[in-house]
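Please look through the model below before reading on.

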Amino acid sequence: MNVASVTNTSLNVLPGITNDESIDQDYAALIAQFYPTQEYKTRDEINAEDSELTKFKNDLRTKGAAVFLKELDEEKIKALVEEYRAKLLKEKEKNPEIPMDINKMVSDYKKQLIEEMMEAQKAEEEKKGKESEMLMSSEMLEQIQALRQDEQKSGIAEIGFLEQILSSSNQQSEDKSELY
């Protein structure tokens with residue numbers, strides 16, 4: 001691109017450039033060619049234009065998280081199985097003398113994938129269970145520590161319940177005796 005082609009460019013062709021009197025229009029046209037401007041869009045506007053994101057949101061809303069994840073796992077398994085089948089077919093084409101029962105091998109592979117996925121889900125559930133137990137026990141520990149701190153501040157922990165009752169009744173009787 002040369003300077004002559006830039007100066008011959010009309011401003012009507014270049015979007016985003018207004019007729020601003022404070023700058024040279026040729027200079028603005030040159031800048032616009034090298035640095036094209038785009039209309040500002042908010043994140044919501046950009047997301048609204050994304051059809052895949054819209055489809056994902058609708059699927060999640062209509063199906064629910066559990067069904068959506070189940071279907072997603074099924075799609076993953078289906079893709080892995082098809083990939084494995086294609087691999088076996090290529091291998092059989094290369095070595096036709098080797099006997100292979102592709103359907104049985106694919107079926108076994110699919111069962112293996114399902115078992116692995118179920119084991120992973122069980123392990124994740126156990127992990128979540130342990131985490132929640134630890135969280136509950138840590139919350140209880142924090143509550144106990146907070147109670148102890150409150151008791152130490154008020155002095156209740158040092159004096160037993162019975163002593164507190166007796167001391168308050170003693171104080172009341174002493175107050176009455178001072179009045180007489």
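1. The largest pocket has a volume of about 470 Å³. A pocket here is an open set of points on a 1 Å grid over the protein atoms alone, where a 1.4 Å probe fits, with protein on both sides within 12 Å along at least five of seven lines. Grid points are joined across faces, edges and corners, and the volume is the space filled by probe spheres set on the points.

2. This is a predicted model, in which local features need pLDDT of at least 70 and side-chain atom pairs count only at pLDDT 80 or more, while totals for chains, interfaces and linings use all residues. Residues are numbered from 1 along each chain as its sequence is written, and side-chain values use heavy atoms, with hydrogens and water left out.

3. Which residues lie nearest the centre of the largest pocket? They are Leu69, Lys70, Asp73, Met117 and Gln121, out of 18 lining residues, where lining means having an atom within 4 Å of a point. Helix H5 (65-94) and helix H6 (102-154) are the elements that give two or more residues to this lining. H5 gives the most, with 10 residues.

4. By class, the pocket lining holds eight nonpolar, one polar and nine charged residues. Nonpolar covers Ala, Val, Leu, Ile, Met, Phe, Trp, Tyr, Cys and Pro; charged covers Asp, Glu, Lys and Arg; the others, Gly among them, are polar.

5. The largest nonpolar core has seven residues: Ile77, Val81, Leu88, Met100, Ile102, Val106 and Leu113. H5 and H6 each supply at least two residues of this core. Such a core is a set of buried Ala, Val, Leu, Ile, Met, Phe, Trp, Tyr and Cys residues joined through side-chain atoms within 4.5 Å. Buried means under 20% relative accessible area, exposed over 50%, and partly exposed in between (1.4 Å probe, protein chains only).

6. Leaving aside neighbours within four places in sequence, Val81 is in contact (heavy atoms within 4.5 Å) with Val106, Tyr109, Lys110 and Leu113.

7. The protein chain has seven helices and zero strands, helices being DSSP runs of H or I with at least four residues and strands runs of E with at least two, numbered from the N terminus. Of the 180 residues in the chain, 11% are buried. The accessible surface, by the Shrake-Rupley method with a 1.4 Å probe, comes to about 15800 Å², of which 55% belongs to carbon and sulfur atoms.

8. Asp59 is in helix H4 (residues 51-63). Is Asp59 buried or exposed? Asp59 counts as buried because its relative accessibility is 17%. Not counting residues up to four places away in sequence, Asp59 touches Gly64 and Phe68.

9. Glu83, in helix H5, is exposed, with a relative accessible area of 56%. The C-alpha atoms of Glu83 and Val106 are separated by 9.9 Å, with the two 23 residues apart along the chain.

10. Asp101 is found in the loop between H5 and H6 and is partly exposed at 45% relative accessible area. From Asp101 to Leu88, 13 residues apart in sequence, the C-alpha to C-alpha distance is 9.6 Å.
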